[in-house]
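Open the model in your viewer and keep the sequence panel beside it. This tour moves from one selection to the next and says what is there.

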Amino acid sequence: MGIMKKIVNTALIICLFVSTFSLANEVNIFNARHYKADAELYSKFTASTGIKVNLINGKAGALEKRMIEEGVDSAADLYITADAGRCGAFKSKGMTQSGLVSSTIKSSVPKSFRTTHWVGVAKRARIVYYSPERVSGAELSGLTYESLADPKWKGRIAIRASSNIYNKSLVASLVKNNGKKAAGEWAKGVVANMARDPKGNDRAQIMAVAAGEADIAVANTYYLALMLSGNKGPEQQEAAKKVKAFFPNQNDRGTHMNISCAALVKGAPNKANAIALVDFLLSPEAQEHFTNNTFEFPMIAGVSPSSLVVNNLGLDFKQDLTTSVSSYGAKQADALEVMTAAGWK
Amino acid sequence: MFSNKFNIWFLSSLLISLLVIIPILTVSLSFFEDTSRYFDILKKTFLFEYIINSLSLLVGVLILTFFLGVGSAYVVSFYKFPGVNFFKWALILSFAIPPYIYAYSLFAFFDNYGTAFTILKTLFGDGEYNKNIPKFDGMFGLILSISFSLYAYVYILARSSFLYQSQNLIDLGRNLGFSKFKSFYSIILPAARPAIVAGLSLVAMETLAEFGAVDFFSVNTLTTGIYNAWITFDDLAFANRISFFLLLFIFILFLTENLSRKKAKYHLDTKGGFKQKEKIKLSGTNSFFAFLFCFLLFFLSFLFPLGQMLYWTIKFPENFFDINIINLLLNTLYLVGLSSLVLIIFALISNYGNRVSRNKTLNFLSTLSISGYAIPGVILAVAFITFIAWFDENIIKSLGFLSIKKLFIGSILGLVIVYFVRFYSLAFNGIKSGYEKINVSVDESAYLLGYSKRKTFMNIHVPYLRNSLLFVVILISLEIIRELPITLVLRPFNFETFATTAYISASEDMLEAAAVPSLFLILIAAFFIAITSNYILKENNG
């Protein structure tokens, strides 16, 4: 008994020591972007600056909750996540601070993709994929997000659940542009047009079109490139070849754009290191790494997207630069409310 | 008298109960707080669906685990057929597959362009197979995933009860000219009822607490409601309100389970007249069907998910080198070792305390302290953070001390505490059932021989309890290896386990990358089960 107690005590002391032990030159990241490419980038950053990168990985919601509960005692410096809706909502909870400013950020990130609290480090568009066999050019002509509610698509659309952040941000942009009421009617129309109950990830929506379960799908740009790359196996490569990409709203405000973002957390103990890391993520080297591995669009000028993206999706599309991505967070609750009310699972 | 009451046993039991009651209180106190608009929206649209879904899930899983668990236990307990000795223990290997990994496997195999598609294409060449491949997802997939993962609870308990049924009872049926089915239906099954109910209650609690698989198939249950209310709408009060109802529901199941256990014990007390049961040798088609049933069950519950994860690991070998397996293994084992040690020590102290003091208050506290198992991990983690934040702001800081948040949130200490609350009942009940087999007269004899309490404990109880302790360690280890929500929410920086790595990959559109950690999780869990399967089966033989 005595020995056991000693063991427990020692174990407890050791683990306490380990868990509170911290190095001076470091940056603590709450990371909700889980691409192995990111981890490689952080290693490069440490190699070139000597700043150690501490990571806590998790799903965005749970990580945010933890930072909120930890409050001013949180060790978090940067919150890195996909989707402006998350960074925006996190900011509106008062969990970020201004000061994420540097000459690199100012010169390389367009204004609509940053605030002083958070900065976009890579771009993506949420677009429509279609089956060229079952959807004619005439049907697609002039397609907008708004027209996805058109009854002609009844039983033909594959799209993810309403809890998905990409959908929340897309619908938030519709709330911002057309008002909450119109967005509510639109959501009802889309639900009526669904080919199946929402399920699976973005790739699953694209594969539903390839497999003939749906005629059109809504998904982000980089997924098609990912499937075409063969990294996900020959079957998905084959499926990806059966669908084509279409960029909606080319005749008005442009295609819905989104970002991967880094937010400066309130009370960040290593603020300077955090800014240094964001600067690094915006360097041509890091941007190239993003485009070649995650197939996102680069944030800075002078870096080209992956050839898989250029050849299969095209680049000459009109981006929606009028709807600030910061509205995605602001209108997020409205977006979820209209989707929920429309019975969007 | 006073000193007798407030001894070390009492204090440690009190401490443990306090620890467990904190999350329950946190949840209950929030019940009356204001909720946001989420409640209105939920009420108008989905609340009914959430409840229906939770109930359908529960009923579906209970029916399936009943048939799988009781069926397999009956066949291996009463009949001789090829492979029966292998299946007897192989069927508990399904414990190594958490429901969420089963869910990944179902999806990976049956989804568009999944493994089934690849197999068909390899066999028959190109074709439009996707439309003809059934899709096991949504509610149906969820029921299958949870049932195949959890039926072993019913199997183990039903089997041990069957083994204890007196041969006389079975002979009676035979003498009355009952058919095999009638003997089973009207004699064997009713006699084993308490054990089966106990197994089903465990399944029910695990089902209601299940997070990973429910999340993966996006079925809207009350658990989803709690998570959404908390994460998306920032409405901790409403999350706690739904939790409160869920807890009430679980509490009823919990009582049912406890009552059944007591009755089960009654049935196990076959003193004297215990005759080695003769197994009936099956031949011909019957033998084949018994084998087929067990093999299919073993295949579907264990080989299928293992095979799918192995296949993906081989198909996407780059994922193998992306994770630091040694590191994940050490982290997982570290948590398992530390938590088991702490749990075992406290459960021993508390059980021993109950035994020597036979104090009613103490007994009540013990019963209270095991209710943590009924609280879903998500709720527990949320409540723990809420409480620590509150305690830190209102007590510690106002007294002028430094913040204690970092000590508890995002630390191994915090993780172990919440694991402790969640799994204390496993340790406590496991040791208790072991203790119940040591007659109190043994203690009295020891005292008469001049043994101190301590010496009685160390030299008599602990050796007697060895099998129970081992069984408890394995149960705790399996739970912690598979545990998701608590680990996800509370783990420190740069600290991943196989479970968290698998879950994060799966939830971020990288299901293929979940295969490697899933595979290792299965292998380690299966290893744990395999080395102790004799003890598990024996322990439940008595």
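## Where the chains meet

Show both chains: their contact takes 48 residues from chain B and 51 residues from chain A. This is a predicted model. Stay on chain B and select the side that touches chain A. H16(B) gives the largest share, four residues. Now colour this side of chain B by residue class. You get 22 nonpolar, 15 polar and 11 charged residues.

One residue of chain B deserves a stop. Zoom to Tyr113(B), in the loop between helix H6 (99-110) and H7 of chain B. Is Tyr113(B) buried or exposed? Tyr113(B) has 26 other C-beta atoms within 10 Å, and is therefore buried; the cut-off for buried is 20 or more.

## Over to chain A

The secondary structure of chain A comes to 16 helices and nine strands. Along its principal axes, the C-alpha trace of chain A spans about 75 × 50 × 45 Å. Chain A has a radius of gyration of 22 Å; a compact globule with 345 residues would have one near 20 Å, which agrees.

Colour chain A by burial. Buried residues make up 54% of its 345 residues. Then turn to contacts in chain A with a separation of 6 or more: residues 24 or more positions apart account for 79% of them.

## Two domains in chain A

Select domain 1 (2-123 + 259-304) and domain 2 (124-256 + 319-341) of chain A. How far apart do the C-alpha centres of these two domains of chain A lie? They lie 29 Å apart. At the contact, 19 residues of domain 1 of chain A meet 17 residues of domain 2 of chain A.

On the domain 1 side, pick helix H4 (84-92) and strand E4 (118-130) of chain A, the elements that give two or more residues there. The largest share, eight residues, comes from H4(A). The class count for this side of domain 1 of chain A is seven nonpolar, seven polar and five charged.

## A covered strand

Now select strand E3 (residues 78-82) of chain A. E3(A) is mostly covered, with five of its five residues buried. Leu78(A), Ile80(A) and Ala82(A) point one way from E3(A). Tyr79(A) and Thr81(A) point the other way. Side chains in a regular strand alternate between the two faces of the sheet.

Strand E1 (residues 26-31) of chain A runs parallel to E3(A), joined by three bridges. Here Ile29(A) stands opposite Leu78(A). Strand E8 (residues 257-264) of chain A pairs with E3(A) in the antiparallel sense, over five bridges. Find Cys261(A) in E8(A): it is the bridge partner of Thr81(A).

## Last stop

Step back along chain A to Asn249(A), in the loop between strand E7 (244-246) and E8 of chain A. Check its backbone: phi of Asn249(A) is near 55°, a positive value in a residue other than glycine. Which is Asn249(A), buried or exposed? Asn249(A) is buried, because 21 other C-beta atoms lie within 10 Å.

Key: Residues are numbered from 1 along each chain as its sequence is written. Chains are lettered from A and ligands numbered from 1 in the order in which they are written. This is a predicted model: local features need pLDDT of at least 70, side-chain atom pairs count only at pLDDT 80 or more; totals for chains, interfaces and linings use all residues. A residue is buried if 20 or more other C-beta atoms lie within 10 Å of its own, exposed if 12 or fewer, and partly exposed in between; C-beta atoms are placed from the backbone. Two strands pair if DSSP finds at least two bridges between them. Two residues are in contact if their C-beta atoms, placed from the backbone, lie within 7 Å. Ala, Val, Leu, Ile, Met, Phe, Trp, Tyr, Cys and Pro count as nonpolar, Asp, Glu, Lys and Arg as charged, and the others, Gly among them, as polar. Domain bounds come from an automatic or database domain assignment. The radius of gyration is taken over C-alpha atoms; the globule rule is 2.2 Å times the number of residues to the power 0.38.
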